[in-house]
Amino acid sequence: MGLVGILFVTALSVVVSFADIATEDGVLVITKDNFEQAVKDHSYILIEFYAPWCGHCKALAPEYAKAAKALEEEGSKIKLGKVDATIESELAEKNGVRGYPTLKFYRNGSPIDYSGGRQADDIVSWLSKKTGPPAKDLPSVDEAKALIDASDVVVIGFFKNPESEDAKVFMDVAQSIDEQVFGISSDDKVFDEYEAKDGTVILFKKFDEGRSVYDSEIDAEKLKEFIAVHSLPLVVDFSQQTAQKIFGGEVKSHLLAFISKEAGDYDKYVEGIKTSANKYRGKILFVTVNIDESDHERILEFFGMKKEDVPAMRIIKLEQDMAKYKPENPELSEENVLEFVTAFFEDRLKRHLLTEDLPEDWDKKPVKVLVGTNFYEVAHDKSKNVLVEFYAPWCGHCKQLVPIYDKLGEKYESDENVVIAKMDATANELETINIKSFPTIILYKKETNEAVEYNGERTLEGLSKFIDSDGAYGQAAEEVQEEDEDDDVPRKDEL
């Protein structure tokens with residue numbers, strides 16, 4: 001073989017090596033060696049940057065593979081890829097990855113952040129919106145049926161004149177909602193098949209009543225609200241896949257029913273909840289939480305509950321700093337659920353604040369222990385400067401602070417003007433204080449009870465200067481500790 005032949009074979013082998021990107025479950029396996037080629041070869045590609053140990057990534061994996069398969073079966077040009085960011089750390093850093101999973105959509109080489117849901121239908125719908133018309137034209141019954149059968153939720157607008165103002169409003173709404181699949185039809189046979197009138201919008205779903213009809217005036221905000229409410233089941237089962245829809249939706253009041261599937265009667269409880277869910281649909285979201293899932297233990301902790309308390313229910317109001325409400329009667333019966341929710345809407349419930357029992361030796365050590373019942377008495381003692389650390393038992397930064405904070409307590413133990421205290425903010429709540437991250441350190445100044453938050457270095461010297469300066473030192477040093485270094489209070493989608 002001559003030199004030209006050798007060069008040709010070499011060049012061909014390079015092309016083949018670029019083209020043959022390995023796949024797992026239909027998802028391209030992207031590395032630093034094939035990333036640029038993958039983005040170049042595929043005009044539309046969604047890439048997930050993940051970590052093998054990440055729980056959210058593990059939950060996403062089957063849905064991601066399902067989405068890849070669905071796109072392949074419909075002959076779509078859209079591809080899905082994934083990058084193990086723990087191995088390809090340089091590639092992840094180059095693409096601005098700050099947490100897991102991070103999904104980025106590359107359209108003709110230009111990246112945009114993925115903002116859709118974590119279920120296969122959500123992924124496919126979001127990608128379809130970014131690469132095609134907001135609503136698919138449905139000129140026949142067969143095409144309408146195919147669209148409806150392909151997804152759990154499909155929204156179809158029926159308009160005799162697709163250029164009418166109402167049809168344009170519908171298309172604008174479709175463009176603004178990435179999570180759902182939309183279709184539009186002006187065909188008489190499609191109208192007849194689904195018993196639709198001109199200007200009707202029907203939401204088809206594979207759960208509950210099967211379809212919901214919007215036949216009011218075509219108003220963008222009202223239509224969005226209708227879709228948001230009816231695209232979720234009457235009673236939603238909490239999971240990592242549904243969390244975003246639950247906490248990111250328009251309905252900000254939620255009833256959470258804590259049930260053990262292993263204990264039985266799960267379906268019986270759900271059926272009982274549906275009475276209230278039907279009556280208050282669109283006003284409060286009804287969510288079941290299976291406490292047998294280890295990932296859900298944190299939710300029980302957040303509500304100050306234990307597994308032996310289940311079955312039980314709570315209401316949470318996101319718009320009021322996640323205010324919690326507890327029923328007087330813990331029974332999860334149809335009648336009691338309805339009474340609890342009705343009392344909530346009639347403003348007959350008092351906010352439930354978590355508090356631990358006050359330990360007998362709470363003031364015996366240099367660092368005093370505060371709970372919900374003694375906090376104000378101690379922290380608002382106007383004769384003293386009171387420094388309080390709000391911590392979480394699981395917080396790594398809080399654990400690192402323990403020996404320093406203990407030494408701080410010893411240093412000021414004999415000072416009659418200073419109290420060093422701490423409070424477990426996961427087990428004790430205060431109506432006037434909303435803790436955003438752990439640890440949070442606040443000085444309550446004597447005479448005025450003015451609260452000054454500490455933002456300096458978490459050292460014995462720094463904390464001492466903060467106290468001795470009457471809260472002047474360290475209160476404005478915002479740059480000293482970056483927010484993402486702290487342990488945040490559990491996010492809404494991780495509850």
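## Buried, exposed and in between

A residue is called buried when its relative accessible area is under 20%, exposed when that area is over 50%, and partly exposed in between. Lysine 445 has a relative accessible area of 16%, so this lysine is buried. Please keep in mind as you read that the model is predicted.

Lysine 445 also has a partner. Its salt bridge is with glutamate 450, and the closest N and O atoms of the two are 3.4 Å apart. Glutamate 450 is partly exposed, at a relative accessible area of 40%.

## An enclosed strand

Which residues lie on each side of β10? One face carries Thr200, Ile202 and Phe204, while the other carries Val201, Leu203 and Lys205, and both faces are covered.

Now for the neighbours of β10. Strand β8, residues 153–158, pairs with β10 in the antiparallel sense, and the two share 6 bridges. Within β10, phenylalanine 204 has valine 154 standing opposite. Strand β11, residues 211–214, also runs antiparallel to β10, and 4 bridges join them. Here isoleucine 202 faces valine 213 of β11.

## Turning from β10 to β11

The hairpin of β10 and β11 has 5 residues between its strands. In this hairpin, aspartate 208 takes a positive phi near 50 degrees.

The network links Lys205 with Glu209 and Arg281.

Most residues other than glycine have a negative phi, and most peptide bonds are trans. Aspartate 25 is not a glycine, yet its phi is positive, at about 55 degrees. You will find aspartate 25 in the loop between β1 (23–24) and β2 (27–29), and with a relative accessible area of 63% the residue is exposed. Glutamate 195 has a positive phi as well, near 50 degrees. This glutamate sits in the loop between α8 (188–193) and β10. Is glutamate 195 buried or exposed? Its relative accessible area is 70%, so glutamate 195 is exposed.

One runs from tyrosine 100 to proline 101, with omega near -10 degrees; proline 101 belongs to the loop between α4 (89–94) and β5 (102–107). Another cis bond leads from phenylalanine 438 to proline 439, where omega is near -15 degrees. Proline 439 is in the loop between β20 (437–438) and β21 (440–444).

## Salt bridges across the chain

Side chains of opposite charge can pair when their charged atoms come close. How many salt bridges does the model contain? The count comes to 19 salt bridges.

One of them joins aspartate 178 and lysine 130, whose closest N and O atoms are 3.9 Å apart. This pair links distant parts of the chain, since the two residues are 48 residues apart. Aspartate 178 is in the loop between α7 (165–176) and β9 (181–185), whereas lysine 130 is in helix α5, residues 120–131. Aspartate 178 counts as buried at 13% relative accessibility, while lysine 130 is partly exposed at 26%.

Glutamate 193 and lysine 145 meet in a salt bridge too, at 3.8 Å from N to O. Glutamate 193 belongs to helix α8 and lysine 145 to helix α6 (residues 141–150), so this pair ties together parts that are 48 residues apart in sequence. Glutamate 193 is partly exposed, with a relative accessible area of 40%, and lysine 145 is partly exposed at 38%.

## A negative patch on the surface

Finally, look to the surface, where a patch of negative charge gathers Glu262, Glu293, Asp295, Glu297 and Glu301. Glutamate 301 is part of helix α12, residues 297–302. At 44% relative accessibility, glutamate 301 counts as partly exposed.

Key
Residues are numbered from 1 along each chain as its sequence is written. This is a predicted model: local features need pLDDT of at least 70, side-chain atom pairs count only at pLDDT 80 or more; totals for chains, interfaces and linings use all residues. Side-chain values use heavy atoms; hydrogens and water are left out. Buried means under 20% relative accessible area, exposed over 50%, partly exposed in between (1.4 Å probe, protein chains only). Two strands pair if DSSP finds at least two bridges between them. Patches are made of residues with over 30% relative accessible area and no salt bridge: like charges are joined within 9 Å, nonpolar side chains (Val, Leu, Ile, Met, Phe, Trp, Tyr) within 5 Å. Accessible areas come from the Shrake-Rupley method with a 1.4 Å probe; for residues, only the protein chains shown count as cover. A salt bridge is a side-chain nitrogen of Lys or Arg within 4 Å of a carboxyl oxygen of Asp or Glu. Lys and Arg count as positive and Asp and Glu as negative; His and the chain ends are not counted. The place of a charge is taken as NZ of Lys, CZ of Arg, CG of Asp or CD of Glu.
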